[in-house]
Amino acid sequence: SEGNVPFTAEEETARDVEEAQAADEQVELAKTAYQRQRSFEYPAIADYLDGIVKGDTEQVQAYIDACLAVKAKYPKPE
């Protein structure tokens, strides 16, 4: 089409390298997506600390259970 200028061989090679790098970055992001997903759903650490300070083992266990549920929902990839 009009207005398009073809890439030179060097530009084409450089673009191929950029595309490969972008693909590699996407793979790396996918490997750690679970960490970002978990961080939004973990309960507040203050809940755990409050249970510790009060000696409330049920509150501490509830915090641990909530964290384990988040880990199960977003498992770490193998």
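## Gln59 and its neighbours

Residues up to four places away in sequence aside, Gln59 touches Asp47, Asp50, Gly51 and Lys54, where contact means heavy atoms within 4.5 Å. The model is a predicted one, in which local features need pLDDT of at least 70 and side-chain atom pairs count only at pLDDT 80 or more, while totals for chains, interfaces and linings use all residues. Residues are numbered from 1 along each chain as its sequence is written, and side-chain values use heavy atoms, with hydrogens and water left out.

Gln59 lies in helix α4; helices (H or I, at least four residues) and strands (E, at least two) are DSSP runs, numbered from the N terminus. With a relative accessible area of 18%, Gln59 is buried. Buried means under 20% relative accessible area, exposed means over 50%, and partly exposed lies in between, for a 1.4 Å probe and protein chains only. The side chains of Gln59 and Asp50 are joined by a polar contact of 3.1 Å. A polar contact is a pair of N or O atoms within 3.5 Å; within protein, one must be able to donate a hydrogen and the other to accept it, and residues adjacent in sequence count only if both atoms are side-chain atoms.

## Packing of α3 against α4

Helix α3 (residues 45-54) and helix α4 (residues 57-73) have axes that come within 7 Å and cross at roughly 155 degrees. This angle makes α3 roughly antiparallel to α4. Axes are lines fitted to C-alpha atoms, for helices over the stretch in contact, and angles run from 0 to 180 degrees between N-to-C directions. Angles under 35 degrees count as roughly parallel, over 145 as roughly antiparallel, 65 to 115 as roughly perpendicular and the rest as oblique. The α3 and α4 crossing is left-handed, a term for a near helix turned anticlockwise from the far one by less than a right angle, clockwise being right-handed.

On the α3 side, the contact is made by Ile45, Asp47, Tyr48, Asp50, Gly51, Ile52 and Lys54; on the α4 side, by Gln59, Val60 and Tyr63. Five of the residues in this contact of α3 with α4 are nonpolar, two are polar and three are charged. Ala, Val, Leu, Ile, Met, Phe, Trp, Tyr, Cys and Pro count as nonpolar, Asp, Glu, Lys and Arg as charged, and the others, Gly among them, as polar.

## Gly51 and Ile45 in α3

Gly51 is found in helix α3 and is buried, with a relative accessible area of 1%. Not counting residues up to four places away in sequence, Gly51 touches Asp56, Gln59 and Val60. Gly51 and Gln61, ten residues apart in sequence, are 8.8 Å apart in space, C-alpha to C-alpha.

Ile45 also has its place in helix α3, but counts as exposed at 51% relative accessibility.

The axes of α1 and α2 come within 4 Å, crossing at roughly 45 degrees. The two helices, α1 and α2, are therefore oblique to each other. Leu29, Ala30 and Lys31 of α1 meet Ala33, Tyr34 and Arg36 of α2 in this contact. The classes in the contact of α1 with α2 are four nonpolar, no polar and two charged residues.

Arg38 is placed in helix α2 (residues 33-41) and counts as buried at 10% relative accessibility. Beyond residues up to four places away in sequence, Arg38 touches Val70, Lys71, Tyr74, Pro75 and Lys76.
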